[in-house]
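Hi there,

Here is the structure I promised to pass on. Please have a look, and below it you will find my notes.

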Amino acid sequence: MNEFRLPDLGEGIHEGELLKWYVKVGDEIKEDEPLCDVETDKAAVTIPSPFTGKVIALNGNVGDTLHLDEVIAVVGADGDVAVAQAAPAKEAKVEVASAPATVAATVATPAIAAPAAGGNGTRAIAAPATRRLAREMDLDINVIKGSGPAGRVTADDVLRYNDSPASPAEIGTAVDSSAEAVGTGNIDFSNASIPFFEVAKLPDFEQFGPVEREPVRSIRRKVAILTTSSTIIVPHVAHMDECDVTDLDSLRQKQNELSRGSDAPKLTLMPFVVRAVSSMLKKYPMFNASLDPHRQEIIYKKYYNVGFAADTPRGLIVPVIKDSDRKSIRDIAAEILTLAGKGRDGTIDAAEMRNGTFSITNVGPIGGTGMVATINYPEVAILGMGRVQEKPVVRDGEIVIRKMLPLSLAFDHRVADGAQAAHFTTDLIALLSDPDRLLLDS
Amino acid sequence: MKLGDDEIAVFPYQYDADLLEAAKSDGETKVAVYNFPEIAVVLGRGSSIQKELNVDSILEDGVKVYRRMGGGCSVVLDPGNLIVSAVIPVEGLLDTKKWFNKCTNWLIDGLHSTGIDRVYHDGISDLVISDRKIAGSAFYRMKGYAYYTVALLVSPEIDLIEKYLKHPPREPEYRLQRNHRDFVVALSECYPDVSVNTLRGSFVKQLTVEGLLSVDG
């Protein structure tokens with residue numbers, strides 16, 4: 001069998017929406033004949049088959065997001081078995097030539113094999129979403145025996161494997177439970193070992209009034225996956241405070257006046273905060289870490305890559321300032337401008353959004369007195385910035401008007417405690433409130 | 001012709017196919033500049049009729065619906081639109097974004113050279129004057145070829161856009177949820193001396209194949 005992976009379509013293009021299949025399972029296809037259409041932003045691409053043979057499997061339905069380097073089709077060489085003879089499928093995403101699926105048939109199919117069964121060097125056939133699920137559960141999908149057509153690994157197979165990797169006796173129980181849940185219309189996640197966790201079936205909203213449905217795709221889907229994982233896995237705690245940025249803002253405005261007409265990047269508050277946070281991360285390494293739940297270890301990172309959330313036409317992205325502890329505030333400002341511009345244009349490379357160790361999100365330009373951000377998993381903390389506002393505060397026994405920046409540090413309570421968060425925030429505020437010290441520190 | 005998901009007849013956008021065939025016939029880059037002769041709706045390659053079109057208005061007015069090769073959302077074309085298309089022989093499937101950017105820059109350079117110098121690029125591939133769209137483009141890539149097409153809103157009936165198209169399912173950040181009427185602007189409103197015919201005349205001289213191949217992507 002020949003696996004065909006979504007090829008690289010160009011700089012920074014890592015996924016596309018499937019518009020059309022030109023073939024169906026069981027068809028013969030020749031090399032260079034059209035296989036499918038994929039749309040990336042406004043560009044549509046017809047992808048030809050690199051192989052000649054019978055189409056064994058097609059991964060994805062029209063409207064699905066396909067990702068770079070994921071198997072999108074399997075084309076058989078002479079002698080490969082046709083999918084029509086495979087077991088019935090439960091997973092609707094896969095286009096197969098087999099009979100309609102039934103839960104009972106799935107139950108009857110052993111989902112789990114001994115690790116050696118899939119460990120013969122072959123790559124499992126699975127939909128992108130299923131591969132992602134396995135990755136998120138830190139499982140090697142290639143050792144899971146698939147119950148779908150042509151041995152396709154389904155999401156259920158992954159969940160069952162994770163639940164009971166070495167005990168076939170327990171599989172039946174798990175699948176029966178799943179079948180019952182399907183029958184009642186609820187998705188039962190009891191096998192994921194989270195007691196009382198159940199996602200109820202949605203009501204029929206159409207009966208209450210007109211609605212419009214929109215598939216969750218592309219960046220929206222990534223944000224959904226990431227935030228769901230983060231909020232389920234990570235016990236979030238948030239520490240909040242306010243920072244007096246009056247002097248910092250004066251310095252910033254003065255520098256912008258002085259550099260007007262030059263090539264120097266305009267200074268916003270963000271580069272100062274990125275720089276100050278980088279210093280704090282060295283002092284408080286528990287906020288520049290990740291937690292490995294399987295090894296039960298905290299991984300302290302000795303590099304400092306601070307990401308910043310950016311709103312783009314395609315949705316939320318988090319570009320990363322690499323080695324932010326070693327860069328000047330002006331360099332960080334220039335890099336923020338460049339990365340944000342690339343994000344807006346859609347030319348940002350995935351590498352420029354990877355390997356962050358801490359994130360900052362700033363809703364200040366839009367408004368808001370405070371926010372509790374979701375941690376950008378597998379990082380362990382995120383700083384939220386609200387809108388700077390002039391407020392009456394007491395200084396030396398007198399009420400004065402100062403520019404106050406609301407800050408909130410959301411952190412993973414498995415890795416850090418409230419006292420550490422309070423110290424981190426207090427020290428950060430001290431640094432941002434005293435620009436001379438911040439500049440010396442930089 | 002095939003029936004769409006609302007029993008609307010959807011025709012292939014033949015201009016695309018003809019230009020592609022011409023390029024395939026001799027392996028050379030082709031550029032076409034033409035007035036659009038009728039009122040029509042053109043779907044993107046992956047556009048949903050349900051999500052993007054006001055089907056009742058289209059059926060009532062008997063407006064023809066086409067589907068183009070390139071991606072993006074649906075547009076309304078009329079004789080106030082000037083269309084520029086290009087097919088470029090390009091090896092393999094790579095560099096989609098690079099060629100899309102090259103084509104966009106080539107067109108902006110062309111507009112600037114005719115004195116339409118306030119145009120800039122925003123969103124994915126829109127041409128914009130003062131935050132309002134004056135042209136939308138689409139791109140199609142197949143093995144061996146890149147196809148680019150742009151519709152310039154020189155003097156279009158903007159009310160028709162509002163009439164035939166729903167708010168698009170995705171939009172660039174700078175649109176800010178504006179309706180069609182507030183989002184797009186006729187080029188002739190910004191440059192009163194410009195008409196479809198004068199611009200076509202200028203473009204025929206300015207938009208050269210050499211220029212397209214040499215512009216930065």
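Chain A is made up of ten helices and 22 strands. Bear in mind that this is a predicted model. Chain A has 442 residues, and 38% of them count as buried. Among its contacts with a separation of 6 or more, 63% are between residues 24 or more positions apart.

**Strands in chain A**

I began with strand β8 of chain A, residues 71–76, which has antiparallel pairings with two strands that I looked at. One partner is β1(A), residues 2–5, and four bridges link it to β8(A). Within that pairing, A:Val75 of β8(A) lies opposite A:Asn2. The other partner is β6(A), residues 53–59, again antiparallel to β8(A) and again with four bridges. Here A:Lys54 has A:Gly76 of β8(A) as its bridge partner.

**A helix pair in chain A**

Next, take a look at α7(A), residues 269–283, and α8(A), residues 329–345. Their axes come within 9 Å and cross at roughly 120 degrees. The crossing of α7(A) with α8(A) is right-handed. On the α7(A) side, the residues that meet α8(A) are A:Met270, A:Pro271, A:Phe272, A:Val274 and A:Arg275. Facing them from α8(A) are A:Ile329, A:Ile332, A:Ala333 and A:Ile336. By class, this contact has eight nonpolar residues, no polar ones and one charged.

**Where chains A and B meet**

How many residues of each chain take part in the contact between chain B and chain A? There are 25 from chain B and 27 from chain A. On the chain B side, α4(B), residues 96–113, and β10(B), residues 132–142, each supply at least two residues. The largest share of that side comes from β10(B), with five residues. Sorted by class, the side of chain B that touches chain A has eleven nonpolar, seven polar and seven charged residues.

If you want a place to start, go to A:Ala43, whose bridge partner in β10(B) is B:Phe139.

Best wishes

Terms used: Residues are numbered from 1 along each chain as its sequence is written. Chains are lettered from A and ligands numbered from 1 in the order in which they are written. This is a predicted model: local features need pLDDT of at least 70, side-chain atom pairs count only at pLDDT 80 or more; totals for chains, interfaces and linings use all residues. Two residues are in contact if their C-beta atoms, placed from the backbone, lie within 7 Å. Ala, Val, Leu, Ile, Met, Phe, Trp, Tyr, Cys and Pro count as nonpolar, Asp, Glu, Lys and Arg as charged, and the others, Gly among them, as polar. Two strands pair if DSSP finds at least two bridges between them. Axes are lines fitted to C-alpha atoms, for helices over the stretch in contact, and angles run from 0 to 180 degrees between N-to-C directions. A crossing is left-handed if the near helix is turned anticlockwise from the far one by less than a right angle, and right-handed if clockwise. A residue is buried if 20 or more other C-beta atoms lie within 10 Å of its own, exposed if 12 or fewer, and partly exposed in between; C-beta atoms are placed from the backbone.
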